[in-house]
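User: I have a sequence and a model open on my screen and would like to walk through the fold with you. Could you take it piece by piece?

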Amino acid sequence: MSDVRREVVASQVQEILNYFGKCPMCGESASARRITAQFTDGRVLSEDIAECLGYCGWKGAADSAFLAGAPPVLSHGHKNFQAPDHALPIVASGD
Ligand SMILES: [Zn+2]
């Protein structure tokens, strides 16, 4: 890519309520959350991250095979708008 620097203008974290995975390291239950970031160029990326609820501290990509039911059930997220000093309009993803 070029030297265009992308910055996050907004991010949101939502719990995935119907994720019932297991930690691949220690076998404890794992929880998952979806992290969505919007960048200054308008792109929106989201990533599902699983995390061990035990003590080993494992984190990794959430495996959709552990979802109970097809679409992930997301909690209401905390949306964090990082104060842009260049006032960009925040476009809500329309769905
Ligand atoms: Zn673990």
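User: How many helices and strands does the protein have?
Analyst: The protein comes to zero helices and six strands, where helices (H or I, at least four residues) and strands (E, at least two) are DSSP runs numbered from the N terminus. Read along the sequence, the pattern is β-β-β-β-β-β. This is a predicted model, in which local features need pLDDT of at least 70 and side-chain atom pairs count only at pLDDT 80 or more, while totals for chains, interfaces and linings use all residues. Residues are numbered from 1 along each chain as its sequence is written.

User: What is the average pLDDT?
Analyst: The protein averages a pLDDT of 84, and 80% of the residues score at least 70; pLDDT is the predictor's confidence in each residue, from 0 to 100.

User: And where does pLDDT stay under 50?
Analyst: That is the case over residues 84-92, for which the model has seven contacts beyond four places in sequence. Two residues are in contact if their C-beta atoms, placed from the backbone, lie within 7 Å.

User: OK, on to the strands. Which strand does β1 pair with?
Analyst: Strand β1 (residues 8-15) pairs with β3 in the antiparallel sense over seven bridges, and within that pairing Ala-10 stands opposite Gln-38 in β3. Two strands pair if DSSP finds at least two bridges between them.

User: How many bridges are there between β2 and β3?
Analyst: Strand β2 (residues 21-22) and β3 pair over two bridges, in the antiparallel sense, with Lys-22 standing opposite Ser-29 in β3. These two strands form a hairpin with six residues between them, and Gly-27 in the turn has a positive phi of about 85°.

User: What about β3 with β4, how many bridges there?
Analyst: β3 and β4 pair over nine bridges, antiparallel. Thr-36 has Ser-46 in β4 as its bridge partner, and Ile-35 has Glu-47 in β4. In the hairpin of β3 and β4, four residues lie between the strands and Gly-42 takes a positive phi near 90°.

User: Then which residue stands opposite Ala-50 in β5?
Analyst: Ala-50 stands opposite Gly-60 in β5, as part of an antiparallel pairing of β4 with strand β5 (residues 59-61) over three bridges. Six residues separate the strands in that hairpin, where Gly-57 takes a positive phi near 80°.

User: Switching to the inside. Which residues make up the largest nonpolar core?
Analyst: The largest nonpolar core has eight residues, namely Ile-16, Tyr-19, Cys-23, Ala-30, Ala-32, Ala-50, Cys-52 and Ala-62. The elements that give two or more residues to this core are β3 (29-39) and β4 (44-52). A nonpolar core here is a set of buried Ala, Val, Leu, Ile, Met, Phe, Trp, Tyr and Cys residues joined through C-beta atoms within 7 Å. A residue is buried if 20 or more other C-beta atoms lie within 10 Å of its own, exposed if 12 or fewer, and partly exposed in between, with C-beta atoms placed from the backbone.

User: What is Ala-50 in contact with?
Analyst: Leaving aside neighbours within four places in sequence, Ala-50 is in contact with Tyr-19, Gly-21, Ala-30, Ala-32, Lys-59, Gly-60, Ala-61 and Ala-62.

User: Why does Ile-16 count as buried?
Analyst: Ile-16 counts as buried because it has 22 C-beta neighbours inside 10 Å, and its place is in the loop between β1 and β2. Not counting residues up to four places away in sequence, Ile-16 touches, among others, Ala-32, Asp-48, Ala-62 and Pro-72. The C-alpha atoms of Ile-16 and Pro-72 are separated by 6.0 Å, although these residues are 56 apart along the chain.

User: And Leu-17, is that buried or partly exposed?
Analyst: Leu-17 is partly exposed, with 15 other C-beta atoms within 10 Å, and lies in the loop between β1 and β2. Beyond four places in sequence, Leu-17 is in contact with Val-73 and Ser-75.

User: Last one: where is Glu-28 found?
Analyst: Glu-28 is found in the loop between β2 and β3, and counts as partly exposed because it has 14 C-beta neighbours inside 10 Å. The C-alpha atoms of Glu-28 and Gly-54, 26 residues apart along the chain, are separated by 5.5 Å.
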